[in-house]
Amino acid sequence: MTKGGMESVEVFTSEGKGRGLKAQKEFLPGDVIFAEPAYAAVVFDSLTHVICHTCFKRQERLHRCGQCKFAYYCDRTCQRAAWLNHKNECSAIKKHGKAPTENIRLAARIMWKIEREGSGLAEGCLVSIDDLQNHVDNFGEEEKKELRADVESFLEFWPPQSQQFGMQYISHIFGVISCNGFTLSDQRGLQAVGVGIFPNLCQANHDCWPNCTVIFNNGKIELRALSKISPGDELTVSYVDFLNVSEERRKQLKKQYYFDCACEHCKKQIKDDLMLAVKQGESKPSAETVKEVIQFSKDTLEKINKARMEGLYHEVVKLCRECLKKQEPVLGDTNIYLLRILSIASEVLSYLQMFEEAADYAKRMVDGYLKIYHPNNAQLGMAVMRAGVTHWHAGLIEAGHGLICKAYAILLITHGPSHPITKDLEVMRVQTEMELRMFQQNEFMYYKMREAALKNQKIQVMPEPSNETSPSLFHKKE
């Protein structure tokens, strides 16, 4: 079963998992298996005035829709491209007096598209909206309550002159959004900015150690191969970050996606030993000490979150240093609690421009990540990039250039050469290579020139640490 642009994949029934996608031909790491535009997508409520509603790029100055005063666009081109999807929304917002929440807006956009095109197979789609899973029967009491509230708000917003849908069908659409809403990130891939429905992508099943990754690039999502894939292989993506022991990942998957993960890594608890590693040898700590330090780490992470929310970054650094003092004699180098603290410490210290200390923590974090993550993991690539930039800012040009090259090699596969972040990285790679040559020729002159450059220009400040981890694959209410 193949559709426009989807010749290289087919939908099949995957044992114990329902539908799945399988490759029709061979793919190599970095190959784009397919690119899919959103069936429907919206910007998050909190960002409607800073993100373009068509291409989801973050821009300084956006044009506002003169009619509803709600939608914003990069320019006339984006505004014109949006009109087909925005037309009904525009007049409904004017009549309603205000824009409803992102869930309601997304459901309405889906319904207007169904009104225009019918709910059968849309062009280039392998499955219809009607056939997507909604999991409404698995909803708990709290989720059912939210669903009822969403349906009510939708009915208040939905214009009487538009096609009317039954309650059950409206619930189906909200169920589809709840389980299949895909997170859209800004052009740099650093912040989640919206949510969309991509019917083909929804068919890819989960594996904690997948052979594909998903990236939002230039208004479409791309399914990209992470390893060599043979014809007939199932195509899998990971719905959750791998940096959690198998039991925790399984709990998260059950709670958010209603299935029990039976992948190889969960069944055999592969890498769990690394993620829970403790110091070995003569000074091996007792089980009691390990338990205490893990609990102390969990408590500290809560305090850190609170301090970050309040922007108290020096307090965050203090908490990290205290926690590392307790962790270092007890936990192994790949222990996830140690790695979480190292990650936060390096990010916040970079923001505070304390680059040397940040670089030390970043190096240890990357060394741990390299032993845990798949070698072509997007989160690993981003972490290595951050560590490279931190070393570069700290004046550690050799290590900085080495890490930037390593990150570039990973992101070429996970993001591809045309992605804005890969392009940024290419510029950094060229710049650090030039600086490294200068350093190797004359160290003294290199440091003199660096000093002068830093005096003349404000050092590039790292982005303010966000409380979000990198955008997760599917947009779920926690």
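In which helix is Lys94 found? Lys94 is found in helix H1, residues 76-96.

## Basis of the model

This is a predicted model, in which local features need pLDDT of at least 70 and side-chain atom pairs count only at pLDDT 80 or more, while totals for chains, interfaces and linings use all residues. Residues are numbered from 1 along each chain as its sequence is written, and side-chain values use heavy atoms, with hydrogens and water left out.

Helices (H or I, at least four residues) and strands (E, at least two) are DSSP runs, numbered from the N terminus.

## The four-stranded sheet

An open sheet of mixed pairing is formed by four strands in the order S1-S2-S12-S9. Its edge strands are S1 (9-14) and S9 (205-206), each of which pairs on one side only. Two strands count as paired if DSSP finds at least two bridges between them. Strands of a sheet pair through backbone hydrogen bonds, either parallel or antiparallel.

Strand S12 (residues 234-237) runs antiparallel to strand S2 (residues 18-23), and two bridges join them. Leu21 has Leu235 as its bridge partner in S12, and Lys22 has Glu234. Strand S9 is also joined to S12 by two bridges, but these two strands run parallel; here His206 has Val237 as its bridge partner.

In a regular strand the side chains alternate between the two faces of the sheet. Both faces of S12 are covered: Glu234 and Thr236 on one side, and Leu235 and Val237 on the other, are all buried. Buried means under 20% relative accessible area, exposed means over 50%, and partly exposed lies in between (1.4 Å probe, protein chains only).

## Salt bridges

The structure holds 17 salt bridges, each defined as a side-chain nitrogen of Lys or Arg within 4 Å of a carboxyl oxygen of Asp or Glu. One of them joins the side chains of Arg109 and Glu89, at 3.0 Å from N to O. This pair links distant parts of the chain, with Arg109 in helix H2 (residues 102-117) and Glu89 in helix H1, 20 residues apart. Both Arg109 and Glu89 are buried.

Asp333 forms a salt bridge with Lys279, the closest N and O atoms being 3.7 Å apart. This pair also links distant parts of the chain: Asp333 lies in the loop between helix H9 (313-327) and helix H10 (336-351), and Lys279 in the loop between helix H7 (272-275) and helix H8 (287-309), 54 residues apart. Asp333 is exposed, with a relative accessible area of 51%, whereas Lys279 is partly exposed at 27%. The side chains of Glu264 and Lys268 meet in a further salt bridge, at 2.6 Å from N to O. Glu264 is partly exposed, with a relative accessible area of 39%, and Lys268 is exposed, with 56%.

## Surface patches

Patches are made of residues with over 30% relative accessible area and no salt bridge; like charges are joined within 9 Å, and nonpolar side chains (Val, Leu, Ile, Met, Phe, Trp, Tyr) within 5 Å. A patch of positive charge gathers Arg64, Lys69, Lys94 and Lys95 on the surface. Lys94 counts as partly exposed because its relative accessibility is 46%.

Phe444, Met445 and Met449 make a nonpolar surface patch of about 320 Å², with accessible areas taken from the Shrake-Rupley method with a 1.4 Å probe. Met449 is found in helix H15 (residues 443-456) and is partly exposed, with a relative accessible area of 44%.

Conventions: Lys, Arg positive; Asp, Glu negative; His and termini not counted. Charge placed at Lys NZ, Arg CZ, Asp CG, Glu CD.
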